[in-house]
Amino acid sequence: MELILQNIWVVAILPLFSFLFIIIGQKGFVHLEKKISMYLTVGVTFLGWIFSVFALIYAIQNQGNPFQENFVWMYSGSLTFSMGYLIDELSSVMLFMVTSISLLIQIYSHSYMKEDPSYHRFFAYLSFFNFAMIGLVLSSNLFQTYIFWELVGLASYLLIGFWYKKNSASKAAQKAFLVNRIGDFGLLLGIMGFLFLSYNFWFYEADVLLGFSSLKQATEVALVSTSSKGFFVVAFLMFLGPVAKSAQFPLHVWLPDAMEAPTPVSALIHAATMVAAGVFLTARLYPIFILSPVLMQLIAYVGAITALLAACMALVQYDIKKALAYSTCSQLGYMFLALGVGAYSAGMFHLLIHAYVKALLFLCAGAVIHSLSSQQDMRYMGGLRKQMPVVAYTYLIGCLSLSGIFLSGFSSKEQILSGILASGNMFLFYIALFTAGLSAFYIFRTYFMVFEGKYKGESQVEPVSKVMSVPLIVLAVPSAVLGVLLSWCFDDFVSFGFHTENHFVFLPLISIVIALFSVWLASIFYWDKKKLIDTELVKLPLKSLHRLFVEKFFIDWFYDKILNKIYAKAAYVLSKFDRFVVDASIDITFQSPVAAGKLLNIVQHKKIGAYILVSVFLLVLLCGFIMSILNLIV
Amino acid sequence: MEFAADIKNLMMPEIILFVGALLLCFIGILTDKAYKRVFSIVVLMLGLSFLMCLQLDTDTVSMAFGGSFLISKFTVFFKELILAGTISTIFLSDKYIKQNQKSVAEFYMLLFVAALGGMILVSSRDFITMFVALETLSISSYILSGFIKEKNSQEATLKYLVTGCVASAVILYGVSLLYGMSGSLRFDVIFAAIKSASMFNIAALSGTLVISGLCFKLATIPFYNWAPDVYEKSPLAVSAFLSTVSKVAGFGIIIRLVSELFNGIWILYLVLGLIALVSMAIGNLLGLCEENVKRLMAYSSIAHAGYILAVLALGSTLSLSSAVFYIITYLLMNFAAWSCLEVLDNGDGVTTESLKGLAYKRPVLAFCMVSAFASLAGLPIFVGFFSKFYLFQAIVFAGFLLYPFLCFVLLNSLIALYYYFKVIRAMFDEQESEQTVFWSKRLAVVLVFSTVMVLLTGIFSSPVITYSQQIAQSQMPAVIQYEAIKGTYFDNPRPISVR
Amino acid sequence: MEFLNSAVFLIFAAMIIFSSVFAVFAHKIEYSVLSAVVCFLSVGALFLTLSADFIGASQIMIYGVGVSILLAFAIMFTGKDSPKSLYLTNPLRVFLGFVLVLTFLSVLIFFISPVLDPKSDGAFSSYGSFAAQIESIRQIGTAKFIGRRIFCDYVLPFELLSLLLLAGIVGVGYLAGGSKKDV
Amino acid sequence: MFDVTLIHYLFLSAVLFCVGLLGVIVSRHLLRVLISVEFMLNAVNINFVAFSNYNDLIRLDGHIMAIFVMAIGVCELAIGLAILILVFRKTHSVDADGEYIEEEKWS
């Protein structure tokens with residue numbers, strides 16, 4: 001046990017090696033046998049999964065007694081930056097989740113990407129993502145977290161722009177990268193500010209710089225050294241990182257566009273793991289955030305707004321992946337809402353359940369898209385239940401779970417709702433309840449449009465391969481039962497020192513009733529209608545609302561038009577400045593060394609006597625230097 | 001008896017090399033066909049010598065030959081570096097040896113003699129030993145650099161020789177003045193004489209002369225001119241040897257001289273700083289217009305020696321440790337680069353033109369090359385970044401008065417980026433040019449080992465920096481903390497503790 | 001005696017300087033070598049005035065005999081080249097060389113000249129004691145003492161020197177011995 | 001006349017050293033370059049022996065150094081001559097600024 005835990009860094013390092021191996025041998029030895037990169041990636045991830053099981057067992061056995069090991073990575077003056085790994089309840093759960101989902105998705109991708117010419121590159125990137133994500137989960141201090149945070153962003157960028165020849169894909173990748181930069185920059189500033197505030201603690205008392213295990217004491221030190229406003233600013237900056245990475249309002253705009261990536265990537269990175277890293281980091285930084293009540297309120301409201309807006313936008317999407325992406329946004333908002341009102345373990349529980357459910361849904365969507373030869377528009381689907389029953393039933397399980405009807409999602413959602421209720425903020429509670437209804441509506445909307453009714457598309461429906469359906473079935477199991485199994489004990493396992501005990505008797509009943517009502521409503525609108533109901537919906541007084549949803553609340557428009565205009569003006573001025581001042585000066589500064597080098601090259605004339613002449617000149621220079629100094633000083 | 005025991009205990013590495021050199025001399029006389037067998041003997045001997053270095057007791061400072069030979073942690077460390085570099089050179093010279101099988105024993109013998117000279121140089125404690133060891137290193141380097149007889153490499157060798165002779169005459173002039181002041185050639189006696197007698201000026205002059213002359217070994221100003229020609233024309237393994245092992249020996253003796261002998265002459269730190277600044281500027285500027293990669297390596301090595309001297313000029317433990325770290329990493333990076341070039345060199349030299357399209361044709365080799373050059377340029381995740389980082393850090397911690405100095409060094413490393421990137425960019429050029437490559441197992445060993453080390457120490461640099469801190473600490477009693485702001489530079493120098 | 005001492009010094013100093021300058025600026029390389037030999041011999045003689053009998057003798061033997069023969073052989077090898085074309089380099093470099101070397105000389109003299117000042121004690125002062133040994137040196141010469149010193153204290157550089165000379169022989173043999181292809 | 005003291009020897013050696021340095025810079029004949037180097041070494045030897053005579057007649061370090069300098073100087077000279085002969089064989093010239101070294105003529 002000890003041995004395994006001590007060597008758990010292998011889990012993070014091995015994917016890096018497999019990445020390097022595949023990238024280097026991409027055109028050489030790997031190319032000979034196509035499956036070699038898949039076997040390598042999957043094997044490494046499988047190993048990681050086994051390790052994660054042990055880590056989980058350790059964490060269950062030793063609650064409140066995390067295992068951590070650190071080594072010095074570099075010295076910077078009086079500070080030493082460490083690298084290390086920390087295995088506690090949170091990270092072991094995350095590690096298990098990440099490795100298991102990514103294992104299944106990698107198996108799935110083999111079938112999905114079979115015909116793609118860049119098969120090896122895909123697996124190399126997946127390995128790289130695994131390296132970064134596992135490193136992020138295991139990291140023992142904030143500094144290391146930041147490094148892997150950036151690496152995860154890089155992996156996401158690479159994978160969104162995987163089909164980089166497609167214009168939209170490369171644009172989406174850029175957008176994701178740019179939006180994430182805002183958050184990352186905020187996070188970096190926040191970390192630096194926090195380090196600055198609690199410098200004395202890290203310098204004199206802690207052994208690991210910015211270590212998570214001593215974050216609590218450091219926060220107390222930081223609180224003493226500044227006003228509550230200053231502390232809020234630092235914590236807010238740190239919170240910007242999770243906001244961007246988890247696609248929360250107002251930085252959520254990148255996530256729907258990120259669906260340009262291959263579907264397995266959407267499932268793995270932009271639904272299950274990476275976007276959840278924001279929630280994970282918020283949970284890690286909980287000792288800091290919880291001491292700033294204003295920020296906690298902010299987190300809750302950001303979560304609530306995102307949950308509501310994203311759910312509304314998901315109502316009107318015709319692209320199946322985009323609908324799921326908005327759903328992801330919405331669910332992540334739910335988690336932030338939970339964290340914001342103090343329902344720590346409920347939020348993490350929802351994170352776990354949602355990861356499996358959303359991975360399942362995405363993989364099903366991917367299977368549908370794959371067999372309809374890349375058709376993503378739901379208006380050209382329908383009635384696929386008969387052609388692909390496995391996909392349909394697993395998707396149904398996912399839908400039920402997500403909308404909180406008895407399956408896993410029910411327990412996590414119910415915990416969140418009761419947590420909000422316990423906090424006493426009824427406004428947020430109503431929003432959450434309303435959003436729960438909306439989510440049941442939109443997810444069954446997709447189900448009905450895709451799997452029920454008649455087939456409206458033109459292309460041939462290809463059967464789903466077995467390699468694809470196995471991960472679906474495997475994922476359906478935790479999606480269905482995990483919540484029920486864990487609902488009684490997760491609260492004790494992953495918690496932040498307090499529990500939300502208040503169980504309102506009618507709450508489960510209310511939420512289930514609302515969900516069932518929504519499903520019924522969705523079935524009215526979307527089940528087996530010959531012509532699309534939306535056209536009629538538009539004629540209703542809801543027209544303007546519909547427009548609002550379709551236009552994504554004009555957020556993208558706002559960014560595009562307003563910001564772009566201001567930005568373009570500024571950029572124009574700056575470009576002039578750039579051309580006539582910066583460029584010119586750079587040209588001069590660049591040309592001058594080159595000219596100096598050429599001049600020196602003339603002196604470098606390759607003759608013995610001249611060499612010695614130069615040497616004597618320099619010697620005389622040195623002697624003159626010491627003479628001048630001596631005459632001045634002595 | 002004690003004398004013999006001393007020698008046996010303390011000088012085993014040198015004795016092995018001595019015996020090896022004699023043996024190789026006989027082999028060279030007796031037979032011309034020793035190519036295959038002699039390699040293993042040579043590597044075995046060097047390895048044995050390395051092991052002997054490792055088992056030396058370095059916790060205490062000990063001496064042999066009446067105090068003219070010093071064994072301390074610091075000197076033994078430099079000996080290990082020299083031996084490791086020599087072993088790498090021997091692996092690297094495989095291609096040359098295959099082409100000139102008849103002169104293999106002579107070649108190895110001269111390498112042995114040069115390494116022996118370097119080893120005795122770093123642990124010498126009087127000027128006679130130092131001078132003889134220095135000349136041993138130099139003269140065998142002269143011969144080695146002219147070892148290709150078929151091509152026009154002799155002019156370069158002659159330049160090297162004449163420059164070297166002038167440099168050693170300059171050193172000797174400085175030494176003679178020191179001798180005149182103190183009446184002895186022993187470091188400790190001269191140190192005491194400098195302290196007691198009020199001959200600061202002449203000590204400063206002679207120190208400047210000695211250090212300038214030793215800069216010939218480092219290829220920094222005033223004697224830097226020979227480096228490009230010699231690196232270009234001599235066998236590539238010899239260029240690698242000159243740019244690494246011979247420099248390491250030079251650094252070893254300069255650090256020891258500055259810390260043990262010229263301890264009280266603060267002006268020499270300024271001289272070192274000036275030498276560093278000018279030589280990094282010259283190296284980097286000359287590198288800008290260079291197309292031949294071997295010559296480029298020479299300019300780069302001039303600049304790198306400048307960086308190391310710059311950090312030595314600060315004279316604190318921190319700076320010494322970062323200098324030691326820089327030397328270690330410099331060795332690794334240079335061997336990575338040279339072994340790539342050796343693989344690529346088809347006899348006409350490697351130019352940026354001939355590197356075009358390498359990344360597409362031979363990605364592995366290009367990867368090694370990129371990592372070596374990016375590391376030399378000081379980019380992150382490669383070890384060169386950390387050596388630069390610690391260098392800048394040492395300068396920052398030396399006080400805000402040195403910020404202009406820091407800016408200059410930063411500017412220089414920025415300029416240097418350009419020519420390293422020129423090489424890297426050429427490899428990714430779409431136009432492909434013909435490249436014939438040469439692989440051999442021995443060459444691949446150096447290439448893979450140094451590249452892996454460059455990457456590995458780039459990610460985990462802390463063990464190496466901890467080790468170099470220990471080395472610096474062991475030399476610390478002789479190094480004076482540089483207190484730039486107070487102005488009381490070296491009022492209380494501590495003489496080295498000798499048992 | 002005093003007069004003789006200074007006269008001898010002056011004569012040899014003048015010979016050294018003149019012959020060395022002539023060796024550098026002579027039109028023909030033969031003259032140059034000859035005057036260099038004169039210079040070496042004068043230096044040897046100068047050593048004798050400094051009660052350095054062993055060094056003086058070595059100087060005369062090594063430089064006056066060995067080196068001059070070596071140089072003579074070198075001239076014989078390379079004598080076909082017309083000597084007049086190889087006189088001096090281009091005037092600019094000669095001028096710059098003069099300027100720089102004179103500057104360097106003045107720097108050296110600037111630093112050395114405090115020795116002239118009789119008040120500067122300590123640095124270059126004589127030891128005074130050990131009169132007996134100095135007396136014996138004056139009588140039987142320095143060879144015995146030098147030998148003892150070399151074989152006791154400086155045996156390490158001596159041994160290293162032997163290896164160095166061996167390496168030099170091997171190297172010269174390899175370099176000048178004609179490439180093995182030709183044979 | 002005057003008293004011959006240490007300083008005279010030092011001046012003499014400084015002058016000889018600089019003449020050697022000048023010779024290295026201005027000579028075109030390679031042989032002369034090598035001879036000039038020997039002048040420099042001889043100058044240093046004068047320094048050593050003079051200092052030894054005035055300062056250190058007990059341990060004779062200067063004398064020993066002079067012997068080593070002589071040996072090594074001759075060794076360097078021999079190697080220089082060997083290379084010179086090699087150069088001569090290739091190019092039939094012993095010009096230090098020769099055209100064979102490079103085409104560009106720098107004044």
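Start where chains D and B meet: 4 residue pairs are in polar contact across this interface, both residues of each pair at pLDDT 80 or more. The model you are viewing is predicted.

**Stop 1: the helices of chain D**

Select three stretches of chain D: helix 1 (6-26), helix 2 (30-55) and helix 3 (61-91). Each of them supplies at least two residues of the side that touches chain B. Now keep helix 3 of chain D highlighted. The largest share of that side, 16 residues, comes from this helix.

Next, colour the side of chain D that touches chain B by residue type. You will find 28 nonpolar residues, 6 polar ones and 5 charged ones.

**Stop 2: the whole interface**

Show chain D and chain B together. Here 39 residues of chain D are in contact with 36 residues of chain B. About 3100 Å² is buried between the two chains. Carbon and sulfur atoms account for 78% of that buried area.

How many salt bridges does the rule find across the interface of chain D and chain B? The count is 0.

**Stop 3: Glu135 in chain C**

Move to chain C and select residues 131-140, which form helix 5. Pick out Glu135(C) within this helix. Is Glu135(C) buried, partly exposed or exposed? Its relative accessibility is 42%, so Glu135(C) counts as partly exposed. The value lies between the 20% limit for buried and the 50% limit for exposed.

Finish with a distance. Select the C-alpha atoms of Glu135(C) and Val67(C). These two residues are 68 residues apart along the chain, and their C-alpha atoms are separated by 33 Å.

Notes:
Residues numbered from 1 in each chain as written. Chains lettered and ligands numbered in written order. Predicted model: local features only at pLDDT ≥ 70, side-chain atom pairs only at ≥ 80, totals over all residues. Heavy atoms only, no water. Helix = DSSP H or I, 4+ residues; strand = E, 2+ residues; numbered from the N terminus. Buried < 20%, exposed > 50% of the residue type's maximum accessible area, 1.4 Å probe, protein only. Contact = heavy atoms within 4.5 Å. Buried area = accessible area lost by both parts, 1.4 Å probe. Salt bridge = Lys/Arg side-chain N within 4 Å of Asp/Glu carboxyl O. Polar contact = N/O pair within 3.5 Å; in protein donor to acceptor, adjacent residues only side chain to side chain. Nonpolar A, V, L, I, M, F, W, Y, C, P; charged D, E, K, R; others polar.
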